[in-house]
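Please read the points with the structure open beside you.

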Amino acid sequence: IGSPASRARIVELLIEAINGTVPDNKKDVMAGVATAGITWAAWVSTALEKPMVYVRDAPKEHGAQRQIEGGVLTGQNALVFEDLTSTGDSAIAAAKALREHGARVDHCFSIFTYGFPAATQAFNKEGINLVTLCGISTFLEVASQKEYISKEDGQAVKRWLDETQARASAK
């Protein structure tokens, strides 16, 4: 988020992904998962000239005690935004909160994913189409080709992914 040029490119790619998967009549409100998804939802909502909300992991304990800030109406189609998808838990929790508020949530957009099958299964179980811009496999391939990381470091990341996936599958 610190680089205006990179940020603009990511927003452009998110909009391309949205336009490629979501009909125009189903883009009512952009919803950011607190905290990392908030900025992406805000930038996309500005570019698409749509309202934006953000969803906390739980309602505030003071003030209006809201979990959703910004206002979403019953029947609106909300697109959920997250920066990184590992398990999918936070984005799915946000989608459930939006649904409890009366919104329809059929899509989640994420910039990056580790590609864990458990996350895909969790989104499928909730009827949410997860759309990601980049996955760890592509990232490792490009980083290796461009020699941004050594072969050893790439193998270490692959081992970590395998171990993390094995632990997740064992649960």
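1. Start with Lys96, which counts as partly exposed because its relative accessibility is 38%. Please keep in mind throughout that this is a predicted model.

2. Which residue does the side chain of Lys96 meet in a salt bridge? The partner is Glu126, with 3.6 Å from N to O. This pair links distant parts of the chain: Lys96 sits in helix 3 (residues 89-100), while Glu126 lies in the loop between helix 4 and strand 6 (129-135), and the two are 30 residues apart. Glu126 is partly exposed as well, since its relative accessible area is 22%, and the cut-off for buried is under 20%.

3. As background, side chains of opposite charge can pair when their charged atoms come close. Across the whole structure, a search finds six salt bridges.

4. Another of these salt bridges joins the side chains of Arg56 and Glu69, at 3.0 Å from N to O. Here too the pair links distant parts of the chain: Arg56 is in the loop between strand 2 (52-55) and strand 3 (68-69), Glu69 is in strand 3, and they are 13 residues apart. Are Arg56 and Glu69 buried or exposed? Both are buried.

5. Lys27 has a relative accessible area of 4%, so it is buried. Asp24 is at 62% relative accessibility and therefore counts as exposed.

6. Turning to the rings, the model has six aromatic pairs. In one of them, Phe112 and Phe139 are arranged edge-to-face, with 5.8 Å centre to centre and 85° between the planes. The pair links distant parts of the chain, with Phe112 in strand 5 (residues 104-113) and Phe139 in helix 5 (residues 136-145), 27 residues apart. Phe112 counts as buried because its relative accessibility is 17%. Phe139, at 43% relative accessibility, counts as partly exposed.

7. A further aromatic pair is made by Tyr114 and Trp160, again edge-to-face: the centres are 5.2 Å apart and the angle between the planes is 70°. Where do these two residues sit? Tyr114 is in the loop between strand 5 and helix 4 (117-125), and Trp160 is in helix 6 (residues 151-170), so that the pair, 46 residues apart, links distant parts of the chain. Tyr114 counts as partly exposed, as its relative accessibility is 23%. Trp160 is partly exposed too, with a relative accessible area of 37%.

8. Phe112, Tyr114, Phe116, Phe139 and Trp160 form one aromatic cluster.

9. Last, look at Gln165, which is found in helix 6. Is Gln165 buried or exposed? Its relative accessible area is 17%, so Gln165 is buried. Leaving aside neighbours within four places in sequence, Gln165 is in contact with Phe116, Pro117 and Ala118.

Key: Residues are numbered from 1 along each chain as its sequence is written. This is a predicted model: local features need pLDDT of at least 70, side-chain atom pairs count only at pLDDT 80 or more; totals for chains, interfaces and linings use all residues. Side-chain values use heavy atoms; hydrogens and water are left out. Rings of Phe, Tyr and Trp (its six-membered ring) pair if their centres lie within 6.5 Å; planes under 30 degrees apart count as stacked, over 60 as edge-to-face and the rest as tilted. Helices (H or I, at least four residues) and strands (E, at least two) are DSSP runs, numbered from the N terminus. Buried means under 20% relative accessible area, exposed over 50%, partly exposed in between (1.4 Å probe, protein chains only). A salt bridge is a side-chain nitrogen of Lys or Arg within 4 Å of a carboxyl oxygen of Asp or Glu. Contact means heavy atoms within 4.5 Å.
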